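User: I am new to this structure. Please show it to me, and then I will ask about the labels used for it.

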Amino acid sequence: MCYGFDGERALTQSLAARQTGRRSLLRGALAGVVGAGALAAGVATAPAAHATSRPTGRPIVPPGLISIQLYTVRAALGGQPGFDETLRAIARAGYPKVEQAGYYGRSAAQLRSFYDSLGISCTSSHDGISNSQEALETKIENALTLGQRYMVVPWLNSTSLAAWQRWAEQMNQEAAVARSAGLRYGYHNHAHEFTIDLGGGTTPWDVLTSELDPRLVHLELDLYWAVTGGINSGHGDDPEGFTIDVIRSAPQRVLQYHVKDRHEHNGDMADLGTGMIDFKRIFRAHSVQEYIVENDTPDVTPLQTAEVGYSYLRTLRC
């Protein structure tokens, strides 16, 4: 729970606003890439469109591009009202897609059937770097079964330069296999990538952006953590400007956003529209293919956070 936030008022405001053959293919690709360290060459990543900065009054975020990271509602998925009813509520709120975070005892095929019945899609997932060829093969097959377009590494952390270099090489290898199966492979940041000194002022973000192959790996930029990284690294006077610079300077394309807000008084995560982040400025500077609502610590309840987030993105205007 974040303190100093009137959750009921935010919910009321948001609701008022609302009213206005695979394995053989993968094994062949794995044989040529995993273990050998080879990279696929000449595969270009389609750039995301850049939004205009000229005020138009039009919605900034197309409704078909709004998603939610299911980690946000994990308490409801694993408790009450339960997995099925939570997903039904997400569909009723208007979400056309979700980003997977765990399977909750179901197979990928079972999840796909359930999502299809609700009229929503699982287009992305968070999956760690695989520890074996078999694990990578299974991860990709599950993504294909679910109908995903993206698979994203959600977390890495070390103070060792060699570890980050090794991880970048591993992600390049996995991304080459994913691309051969028709999937985009990405990395999701936190704040520490911008602040850890690996020696000589080099940060993990420096390593990732210099060594991840931009033809194969894209970025899923978590805006809360990017803003927090900016504040923690001495850019507190303009953390949104820091975030925009991060986007524009990276060779890798930013194709997905994690959209969660930040309470100004204590730095905690906040439901969208209740914190200090100027999302409109960031979205005008760079538009993406998915705007994924997330809040690790919902301010009221997980489902209210989901409703507030969807309403905020739908009503945000240029």
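Predicted model: local features only at pLDDT ≥ 70, side-chain atom pairs only at ≥ 80, totals over all residues.

User: Why is the pair of Phe83 and Tyr104 called tilted?

Analyst: The count comes to 13 aromatic pairs. In the pair of Phe83 and Tyr104, the ring centres are 5.5 Å apart and the planes stand at 45°. Ring centres must lie within 6.5 Å, and planes under 30 degrees apart would be stacked, over 60 edge-to-face.

User: Why is Phe83 called buried, and why is Tyr104 called partly exposed?

Analyst: Buried means under 20% relative accessible area, and exposed means over 50%. Phe83 has 6%, so Phe83 is buried. Tyr104 has 30%, which falls in between, so Tyr104 is partly exposed.

User: Why is the pair of Trp164 and Trp167 called edge-to-face?

Analyst: Their ring centres are 5.1 Å apart, with planes at 85°. That angle is over 60 degrees, so the pair is edge-to-face. Both residues lie in helix α7, three residues apart, about one turn of the helix.

User: How do you know that Trp164 and Trp167 are buried?

Analyst: The cut-off is under 20%. Trp164 has a relative accessible area of 0%, and Trp167 has 14%. Both values pass, so both residues are buried.

Technical notes. Residues numbered from 1 in each chain as written. Heavy atoms only, no water. Phe/Tyr/Trp six-rings, centres within 6.5 Å; stacked < 30°, edge-to-face > 60°. Buried < 20%, exposed > 50% of the residue type's maximum accessible area, 1.4 Å probe, protein only. Helix = DSSP H or I, 4+ residues; strand = E, 2+ residues; numbered from the N terminus.
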